[in-house]
Amino acid sequence: MSQRGRTMPGGSTTALAEAYDTALLDLDGVVYAGGEAIAHAVTSLATARGQGMHLAYVTNNALRTPQSVAGHLTELGVPAVAEDVITSAQAVARLISEQVPEGSRVLVVGGEGLRVALRERGLVPVESAQDEPVAVVQGYGGPDLAWGRFAEACYAIARGVPWFASNTDLTIPGARGIAPGNGAAVEVVRIATGAEPQVAGKPLPPMHRETILRTGAERPLVVGDRLDTDIEGAFNGDVDSLLVLTGVTDAARLLAAEPRHRPVYVDADLRGLLVPQPEVTPVEGEFRCGDWRAAVRGGELVLEGGGDGGPMDGLRALCGAAWSHAGDGVCDLDAAKVLARLGL
């Protein structure tokens, strides 16, 4: 089903692991957080793989190499090889390689993941604006990235060298909370130079193209925790998506989502891959899912029913009511009361 014009979550009569051939899984906030596996992730992914679903790990984090990411996943109990991992570093390296000759020097502001990806495309990473680079590429460099790296980028960009960014995520989740992401670092260079980078990562088309080229997916399902990268990326690629509530996005943000941020499916965690997804049915101004009924009455979100129905069914019903009320806009109704009833 297309994401275009979505006003309620979709349903699937079969488990998503059977309905789709490939899961394009985000990592931070979906598979792990702060380096540790998220609850139910390891067993859910093993079961999905056993049911024939190909698992591909798609990350905007350009710091680590695919080999490093695959090694970390394997240590967590999610067996993976480098070919299973697609990074924004790979997507931006391809983008650069299409615009500069093979063997060109590229000034790197970031980590080893960027350098490996550039070499894969026949490009030469350099460290200084004095090395005569023909492009600048910026990716997440971790907490130890020196401030002087931004200055090198600015010197080169001021000379007219084209600027590329792996992604523009403003934040990145970690064990101690939310930290500045590559997007925050990109803003430093943007403010200093007034330039605009070409961006490759989610939610933009270069990342989707890189993922499809590397996985060969025919019926892909994007699985993520962020509306503005994972879900919007699926929207831009016109493929289906599953939002899990284990990362950045909470239920209130989901209800307020604009059309390009509305997932096809929503579930608490990766166990959602293993089960059918219930339909949300509009009936005389109400939106029903399982034993729950949601509507907008008197300018308020209303939730009724429940019985033995779980909170996810209630949230799906609320999505139908909120998104239909908002149409092509954003639902600005207060959802605190109804979400409290669901424990969300």
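Is Arg-115 buried or exposed, judged by its relative accessible area? Arg-115 is buried, with a relative accessible area of 14%; buried means under 20%, exposed means over 50%, and partly exposed lies in between, using a 1.4 Å probe and protein chains only.

Before we zoom in, a word on the model. It is a predicted model in which local features need pLDDT of at least 70 and side-chain atom pairs count only at pLDDT 80 or more, while totals for chains, interfaces and linings use all residues. Residues are numbered from 1 along each chain as its sequence is written, and side-chain values use heavy atoms, with hydrogens and water left out.

**View 1. Glu-127 meets two arginines.**
The side chains of Glu-127 and Arg-115 form a salt bridge at 3.1 Å, N to O; the term stands for a side-chain nitrogen of Lys or Arg within 4 Å of a carboxyl oxygen of Asp or Glu. Because Glu-127 sits in the loop between strand 7 and strand 8 and Arg-115 in helix 5, this pair ties together parts that are twelve residues apart in sequence. Helices (H or I, at least four residues) and strands (E, at least two) are DSSP runs, numbered from the N terminus. Glu-127 also has a salt bridge with Arg-149, at 3.3 Å, N to O. Arg-149 belongs to helix 6 (residues 148–158), so this pair ties together parts that are 22 residues apart in sequence. Glu-127 is partly exposed, with a relative accessible area of 37%, whereas Arg-149 is buried at 15%.

**View 2. Helix 5 and its surroundings.**
Helix 5 spans residues 112–120, and its buried residues are Gly-113, Leu-114, Arg-115, Ala-117 and Leu-118. They pack against helix 4 (88–97), strand 6 (105–109), strand 7 (124–126) and strand 8 (135–138). After helix 5 comes Gly-122, whose phi is positive, near 80 degrees. Gly-122 is also one of the residues in contact with Gly-103, along with Leu-123 and Val-124, leaving aside neighbours within four places in sequence; contact means heavy atoms within 4.5 Å. Gly-103 itself is found in the loop between helix 4 and strand 6 and is partly exposed, with a relative accessible area of 43%.

Look for Asp-21 in the loop between helix 1 (16–19) and strand 1 (22–25). Asp-21 is buried yet has no salt bridge, and the nearest side chain of opposite charge, Arg-219, is 4.8 Å away. For charge, Lys and Arg count as positive and Asp and Glu as negative, while His and the chain ends are not counted. The side chain of Asp-21 does reach two backbone nitrogens: that of Glu-218 at 3.0 Å and that of Arg-219 at 2.9 Å. Leaving aside neighbours within four places in sequence, the contacts of Asp-21 include Gly-52, Met-53, His-54 and Pro-220.

Arg-316 lies in helix 11 (residues 311–326) and, at 4% relative accessibility, counts as buried. Its side chain makes a polar contact with the side chain of Asp-267 at 3.2 Å. A polar contact is a pair of N or O atoms within 3.5 Å; within protein, one must be able to donate a hydrogen and the other to accept it, and residues adjacent in sequence count only if both atoms are side-chain atoms. Leaving aside neighbours within four places in sequence, Arg-316 also touches other residues, among them Pro-9, Gln-277 and Cys-289.

On a 1 Å grid over the protein atoms alone, a cavity is a set of points where a 1.4 Å probe fits but cannot get out, and a pocket is an open set with protein on both sides within 12 Å along at least five of seven lines; lining residues have an atom within 4 Å of a point. Grid points are joined across faces, edges and corners, and a volume is the space filled by probe spheres set on the points. The largest pocket holds about 540 Å³ of space. Its lining has 28 residues, with Tyr-140, Gly-142, Pro-143, Ile-172 and Pro-180 nearest its centre. Helix 7 gives the largest share of that lining, four residues. The largest cavity holds about 180 Å³ and is lined by 18 residues, including Asp-28, Asn-60 and Ile-172. Strand 10 supplies the largest share of the cavity lining, three residues.
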